[in-house]
Amino acid sequence: MIRTNRVSKSFGGIKAVDDVSITFYDKRINGLIGPNGAGKTTLFNIINGFLKPDEGEVYLNDLRIDNLLPYQIAQLGLGRMFQDTRVLGKMTALENVMLAAKNQIGENPLNVFFKYRRMQWEERQIKEEAKRWLEFVGLQDKIYTNAESLSYGQQKLLTLARLLAGKNEVLLLDEPTAGVDPGFIPVILNLLKNLVKEGKTIILIEHNMTAVLEVCDWVFFMDEGKIVSFGLPSEVLGHPEVREAYLGL
Amino acid sequence: MNYLLHILIMCAIYLILALSLNLLIGFTGLLSITHAAFYGIGAYISTLLMVKMGFNFFLTIPLAILGSMIFAVIVALPSLRLKGDYFLLSTLAFQVIVFSILYNWIALTRGPYGIPGIPKPKIFGFEFGEIPVYFILAVVIAFLIFLIFKQLYFSPFGRVLKSIREDEIVANALGKDPTKFKIEAFIIGGGLAAIAGSLYASYVTYIDPTSFTLDESVFILSIIIIGGTGNLKGPLIGTIIMLFLPEILRFLRIPDTIAANMRQIIYGALLVILMRLRPQGILGEYRFE
């Protein structure tokens with residue numbers, strides 16, 4: 001379970017996140033919506049350790065994580081998909097996904113020479129699994145293509161495959177459908193539903209309200225660094241401030 | 001024939017240096033300018049152990065690697081907290097410090113007088129004294145180092161280094177500790193560069209600090225900038241070009257007084273042309289920003 005307790009973060013004089021206390025629902029899709037500049041991505045950066053909160057705490061399954069480094073938080077099973085794709089451009093799609101497996105034997109340079117066979121065996125397993133995830137997101141023809149040569153939508157799918165290969169329990173997804181071929185959006189949304197059935201907890205930043213309505217179990221609306229409203233998607237999307245932010249009404 | 005073998009021996013030595021620097025720059029994205037210091041530390045450790053304590057050349061190599069690795073840790077721990085240009089400046093400072101120590105610690109290194117009479121490598125009574133046999137030794141060692149880097153390059157360790165080079169934030173978000181991997185790359189790169197120093201010292205049988213100056217670091221850097229970084233072909237082609245180019249000039253019947261300057265001008269022109277037309281180097285896959 002992911003929980004923030006009175007988290008605040010300021011940049012200069014601007015409070016990007018202001019006294020936010022949220023308990024995200026376990027094994028559910030939690031929507032985090034709000035206009036640009038509301039503080040959603042800053043909150044993500046605080047949760048996965050790229051920013052330290054000025055005040056407040058963050059907990060993962062009752063373990064305080066706001067004092068940990070990002071890689072330590074990632075090793076606890078908290079995965080992140082960034083708003084911009086952040087693929088590793090000069091590496092192939094396959095390498096991008098293979099990288100996601102945690103604590104690989106061959107990541108220790110001594111093991112590269114002294115545990116060679118074990119490393120090779122593990123490498124084959126990781127490679128096969130990475131190929132399966134790439135196939136799953138429809139990139140089976142792009143396995144050996146450098147990530148920088150993929151289209152924006154394909155790069156999004158690649159980051160999704162990378163996230164899934166990391167076997168994370170909690171997934172922070174920053175606009176996973178943005179820029180993706182509209183025909184593939186339902187596939188992503190179905191995938192998210194299936195991941196929740198498998199026991200994953202998803203926190204989703206999304207501007208596509210149709211997607212939010214379709215997949216989110218619970219929605220938090222953020223504005224000016226604060227949680228303004230939360231509840232079932234239909235309730236929150238009916239909130240006047242939300243309607244003003246998204247529909248201009 | 002010995003003339004050609006001499007150039008090829010120097011190619012083997014510089015290939016080791018270029019490959020080890022490539023681990024830092026081409027794999028990890030760390031622009032370091034302290035490589036001649038690692039080279040010098042290797043040369044001096046081997047030399048002092050052979051000359052003053054009578055060690056066998058082959059026994060001095062692991063100790064030279066160890067000494068250079070310890071120095072790498074000393075450089076890496078403060079430097080890797082810095083980013084970009086500041087990291088570069090920090091490595092420059094360490095390069096200057098090592099040169100100053102080699103130059104001024106006369107009781108140990110004889111400073112500018114250098115250390116003559118370095119013995120040739122020997123094993124089971126066989127001496128690698130003649131140029132053809134030294135050539136075989138240098139090529140075998142350079143080939144082994146090449147295989148080590150090849151193994152690292154295609155390993156999960158190499159993959160993590162490349163991910164750090166591409167985007168440190170992503171590597172972090174995937175559970176990789178960038179600082180730890182950078183330190184490891186620095187230690188391996190520095191340690192293996194020391195082997196080139198050991199080889200050089202026992203080949204020329206005389207060393208002094210002027211072989212391990214900032215200019216030398218820049219020369220090693222130029223090899224991989226011209227050849228290209230991020231793979232194994234780049235340092236190889238860069239080494240061949242940078243070591244054979246001045247030799248080609250010898251055959252152009254240019255007066256000696258002009259030839260040395262011409263070499264510098266051609267190196268400079270080559271760098272400018274490549275940066276303009278092919279910033280990733282001739283065979284490189286990574287463009288250093």
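What is the strand order of the open sheet of 4 strands in chain A? The order is S2-S1-S4-S5, with antiparallel pairing. This is a predicted model, in which local features need pLDDT of at least 70, side-chain atom pairs count only at pLDDT 80 or more, and totals for chains, interfaces and linings use all residues. Residues are numbered from 1 along each chain as its sequence is written, while chains are lettered from A and ligands numbered from 1 in the order in which they are written.

**Confidence**
- Chain A has an average pLDDT (the predictor's confidence in each residue, from 0 to 100) of 92, and 98% of the residues score at least 70.

**Open sheet**
- Strands are DSSP runs of E of at least two residues, helices are runs of H or I of at least four, and both are numbered from the N terminus.
- Two strands pair if DSSP finds at least two bridges between them.
- Strands S2 (14-23) and S5 (63-64) are the edges, each pairing on one side only.
- S1 (residues 2-11) and S4 (residues 55-60) run antiparallel and are joined by 5 bridges; Thr4(A) stands opposite Val58(A) in S4(A).

**Strand S8**
- All 5 of the 5 residues of S8 (residues 201-205) are buried (20 or more other C-beta atoms within 10 Å of the residue's own, C-beta atoms being placed from the backbone), so the strand is largely enclosed by the rest of the structure.
- Thr201(A), Ile203(A) and Ile205(A) point one way, and Ile202(A) and Leu204(A) the other.
- S3 (residues 29-33) runs parallel to S8(A) over 4 bridges, with Leu32(A) opposite Ile205(A).
- S7 (residues 170-174) also pairs with S8(A) in the parallel sense, over 5 bridges; Leu172(A) has Ile203(A) as its bridge partner.

Notes: A residue is buried if 20 or more other C-beta atoms lie within 10 Å of its own, exposed if 12 or fewer, and partly exposed in between; C-beta atoms are placed from the backbone.
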